Structures are given as C-alpha cells and as structure tokens.
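Please examine the sequence and the three-dimensional structure shown below.

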Amino acid sequence: MWSAGRGGAAGPALLGLLLAFLVPGGGAAKTGTGLVTCGSVLKLLNTHHRVRLHSHDIKYGSGSGQQSVTGVEASDDANSYWRIRGGSEGGCPRGFPVRCGQAVRLTHVLTGKNLHTHHFPSPLSNNQEVSAFGEDGEGDDLDLWTVRCSGKHWEREAAVRFQHVGTSVFLSVTGEQYGNPIRGQHEVHGMPSANTHNTWKAMEGIFIKPSVEPSAGHDEL
Amino acid sequence: RDFYKILGVPRSASIKDIKKAYRKLALQLHPDRNPDDPQAQEKFQDLGAAYEVLSDNEKRKQYDTYGEEGLKDGHQSSHGDIFSHFFGDFGFMFGGTPRQQDRNIPRGSDIIVDLEVTLEEVYAGNFVEVVRNKPVARQAPGKRKCNCRQEMRTTQLGPGRFQMTQEVVCDECPNVKLVNEERTLEVEIEPGVRDGMEYPFIGEGEPHVDGEPGDLRFRIKVVKHPIFERRGDDLYTNVTISLVESLVGFEMDITHLDGHKVHISRDKITRPGAKLWKKGEGLPSFDNNNIKGSLIITFDVDFPKEQLTEEAREGIKQLLKQGSVQKVYNGLQGY
C-alpha cells in the first residue's frame, strides 16, 4: 500500500508516512473487523437483483436432478445461510480472513450440501446449472469457487464475485423466476462473463472475528 | 469498589480469565435467579461495572493507577448489553428456568453453527468473538395483515338455501419491518469440552414477524491434531527413537498443548510398542477441570537403513551375546 519513495515529493511524503506510523491504535481498519473469515456463516445478496442465495430440500426437475439453488427475496429465511470453508480439510482454519483469489467452498447450513456447478443447462435460461451437492459438507472438486474481489481480503461491505474453479463461470442471477412449488424464487446459474449480474454482498450472518492480523501493505517498517 | 475482588481474579489476570470469571458469576448472580436476595440487583450491577472496566485495556490501566474515582467517563453500556454479549438477547432464561415452549407462539428458525476448536483450546479454554448480524422485527407505522387463515363462511341465498364458501380471513396487527442489527457475541470454549457439545444463545436465531426469534447454537467440532490424539480425557502420542536409544536409554521433552514440557527419562531398554503412562498430563475433565486424564506415549524404533558391514555384524554378535532365536508361531490368532 505504501509505494516506494518517489523522487521529487520524497520529503513531505516521508513525513506523512512517519506521522501515520506514530499515530497510535490504527483502529478497525487495520485489525480488519470487517473481513469475512473461514468458519463464518452468512447470507449472500445479489446486489443487482436483490435476492439472497438460497437452497432447500427440493431437487431440479431437469438437468442433473440434484438439489436446487435459487435466489429469494426474504431476509429472514434460515435456508439462505451458507458456511465459508477452505478448499480442503484444514485448508482454512477458523478465523482466517479469506483472501481475494482464494478458493473456498460454500456449504449450505441446513442441508450440508456444497454450492456446485457442472455442465448441465439451467432450467429457465439455459445457462449453466448451479446445484447443491454432497453429503455433510463433503462433495467433490466441482465445489470450489474462487472469491474475486479487489484488494487483499474479502471485506463484508464489498461486492464480490464467485468464479467456479472447474468451469470458470461466475455465480449469477438474471431475473428469471420459477413457478410452483417455488413460486417467485429466482434462477441462480453460472455465466461465462463478469458483469453486474454476478456481484454478491455478505449480509446477515454469524461472522467470526479475524484471529490473525491480515498482513496489510506496510509489513516492512 | 474492588473490581478484581468482585470478579474473583488476581490483578495479573488475563482478558480470557476475566471473561471466564464474568460468565460464570453472571449466571449465578443474575437477579432473576436470586429473587429472594434484596441485594441481587446491586451485586449484579457491580459485576457488570467490574467487567466493563477490566475487559478494556485503557480503562483497566486507569483503574489500576487511580482507582474507581480516576475513571474518566461514566459507564457507557448498560449491564444488560454486556450480559447479552455472552448469552444473547434472552440469555437470562439460559441456565435458569427452561424456555416455556408455548405452542401458540410461533418461533423463528434455530441456527446451528459448527465451531471448529483446536486441542490447544480444549486444554486451556478460550473465547471466540463473533459478530451476529441479524434481521430484527421493529415497529413500523400503519397496520398489516397477520394470522391469515382459511375459514368457511355460510351465506344465505334465500329461504332454506345456504351456500358455504371458503374465505381468507386475516387479523390486523401493528406493522413490523425487518431491520438488520449487529452485536458482538462471546462464545466460551470451556476446558475439556467434548465434540458435539452446544452453546446456545437464546433469541439470536432467525426472527419471526408474528412471534419470537429462534436460537443460535454453536456446536463444538474438535479438529485433528498433528501430535496428540484424544480419547475421552486421555491424550495419545507416538515417539520414534533410534535403535541405540532403545537399547541404551535416552532423555527427552515433549511439548504439551500449552507449551509446558513433559520430561521423559529412560535408562532401561525400550521395546518397540512400549507404552509410557504419564498421569495428569491428559486433558482436563469437563466436569472438574482440576482432574486431568493421562498422556500415553507409544514408542517405536527406527532401525538403521544402510546395510551393516561384515565387521559391524561380527561386533554386534559379540556385544549382544545372543544366540539364534527362531520361534515360529501364529501371530494373528483370528484377527
């Protein structure tokens, strides 16, 4: 974050740097209380369509026939909670802030299945089907999603994207809605390009405070 | 007021000790649990004040130097606030009277969160700070429809002729809207805690617009450790020693979960598979932290990898003075 000293404005710039280090207790920004950490449970809101990522014990009637993943408008449904976990056992211990570019798994809390996608068409829009797969949090390699965000770590206030490791698609919503028995719920699918339909923000949840100081830019003093 | 005495901790107590002391005493001293004690409210307030000062580094320093009079600001947070950090909004029900399961009051969903815990934390205990952001039902202007249900209505069409229709009938309730609120919760990992044990925070689950919120429960999941294996309150570990050490003896230290060293000294021959029991070096028992299990150390021997020279072979035969022992027997016996 602190760029190497530039030629001309070295004097005042250095003084500014020095003063910044002398000010005690950098406060919330440095200790990162606003970061998403592994082990946290949260709801994800699609910022464009204002629906939350959701799953339930209802299977797709087409495609893979696996458990369906949708977007819902309600903010108080326990079926919208997902748990953030590392890519492998022990890969991301409790309280470790998630880095931008890190691969994570999102496990649906109430059914124990992982957010998953594969080469099946989605039922309404013919994009790529996104399902919930696995047992007790254990699925397969197609459960991995890369968190795409700017900066070093996933911040709770930030709008981030989820790019699938295996097929490179982005977790998206484009507005198509289902009829019965899940009337009003939106289709969630994978799309090949990054755009306004695939940004998500952490909303309600149980956020474990970071147990490790995330290394900010100024680690050499 | 002597805040250290109120919490029952030494002046050198760590923040973890202070949190632990508060949590234990808050449950005991809560006025709802002591309805017959006229001083219960005051004792409870003192406890809250003590925690508020000693848990904050700045305030604690001021208190240590200047005493209670030297504290700069008045007490900011109400004690109810501090209590809810440890037990949730309706936490006073926890540990006291069990929550009345009134079937008529609808309840929001419970949330169970798996909390990964290391063996180090099981040994020494710990507090995990968590931010709970949840939707809360707040009053809003106007009215809304609630308790909607289907009812049969009978209408008279003419003399002796009736018609029954189904109608949706709703009551009128004050309007509510869901607002996101945030608070910090402190989850205690008690020493000796077992896999699957749950720590509930009453009322911190999902809201219900027509009723009460559900609960938030943290379920302990102890993760595997690279050095120690847990069995109940006992710990198991393995040590590989060299062939020389197994024959002539050795001394070593094993670093325990909290950093203290367990000393091992052998001057006899140690056979592969030999077990050493160290009483009191296991995990604390959940029900009584003063009782600890044992540490069981199993030794295996690392045999030399290179082939021995003819000279070495002769030397060894001479040293050990052991004849040939070639006993053939069934080692499996059905396993």
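**Briefing on a predicted two-chain model**

In chain A, the end C-alpha atoms of residues 95-150 lie 20 Å apart, and this span is 0% helix and 43% strand. Helices (H or I, at least four residues) and strands (E, at least two) are DSSP runs, numbered from the N terminus. This is a predicted model, in which local features need pLDDT of at least 70 and side-chain atom pairs count only at pLDDT 80 or more, while totals for chains, interfaces and linings use all residues. Residues are numbered from 1 along each chain as its sequence is written, chains are lettered from A and ligands numbered from 1 in the order in which they are written, and side-chain values use heavy atoms, with hydrogens and water left out.

**Annotated regions**

- For chain A, UniProt lists "domain: MIR" (unreviewed entry) at residues 33-87, 95-150 and 151-205. UniProt positions are given in the numbering used here, feature names are shortened, and annotations may be inferred rather than shown by experiment.
- Residues 151-205 of chain A are 0% helix and 47% strand, and the end C-alpha atoms of this span lie 22 Å apart.
- In chain B, the UniProt annotation "domain: J" (unreviewed entry) covers residues 2-67. That span of chain B is 68% helix and 0% strand, with its end C-alpha atoms 9 Å apart.

**Two loop features of chain A**

- The peptide bond from N180(A) to P181(A) is cis, with omega near 0°. P181(A) is placed in the loop between strand 10 (170-177) and strand 11 (186-191) of chain A.
- N126(A) is not a glycine, yet it has a positive phi of about 60°. This residue, N126(A), is found in the loop between strand 6 (114-121) and strand 7 (128-133) of chain A.

**Domains 1 and 2 of chain B**

- The domain assignment divides chain B into domain 1 (3-87), domain 2 (111-222) and domain 3 (229-320); such bounds come from an automatic or database domain assignment.
- The C-alpha centres of domain 1 of chain B and domain 2 of chain B lie 30 Å apart. Their contact (heavy atoms within 4.5 Å) takes ten residues from domain 1 of chain B and 15 residues from domain 2 of chain B.
- The size of an interface is often given as the accessible area lost when the parts come together. Between domain 1 of chain B and domain 2 of chain B, the buried area is about 1100 Å², of which carbon and sulfur atoms give 47%. Buried area is the accessible area (1.4 Å probe) that two parts lose on being put together, summed over both.
- K16(B), R23(B) and H85(B) supply 47% of the area that domain 1 of chain B buries against domain 2 of chain B, more than any other three residues.
- Three salt bridges are counted between domain 1 of chain B and domain 2 of chain B. A salt bridge is a side-chain nitrogen of Lys or Arg within 4 Å of a carboxyl oxygen of Asp or Glu.
- The side chains of R23(B) and E188(B) form a salt bridge (2.8 Å, N to O).
- On the side of domain 1 of chain B that touches domain 2 of chain B, helix 2 (15-29) and helix 5 (79-87) of chain B each supply at least two residues. Helix 5 of chain B gives the largest share of that side, five residues.

**The interface of chain A and chain B**

- In this interface, 18 residues of chain A are in contact with 27 residues of chain B.
- The area buried between chain A and chain B is about 1800 Å², and carbon and sulfur atoms give 51% of it.
- Side chains of opposite charge can pair when their charged atoms come close. Four salt bridges are found across the interface of chain A and chain B.
- E206(B) forms a salt bridge with K43(A), the closest N and O atoms being 2.7 Å apart.
- Strand 1 (41-46) and strand 12 (200-208) of chain A are the elements that give two or more residues to the side of chain A that touches chain B. Strand 12 of chain A provides the largest share of that side, six residues.

**Salt bridges in the whole structure**

- Over all chains, a search of the whole structure finds 34 salt bridges.
- One salt bridge joins the side chains of E182(B) and R156(A) (2.5 Å, N to O). E182(B) lies in strand 3 (residues 161-189) of chain B and R156(A) in the loop between strand 8 (145-148) and strand 9 (159-164) of chain A, so the pair joins two chains.
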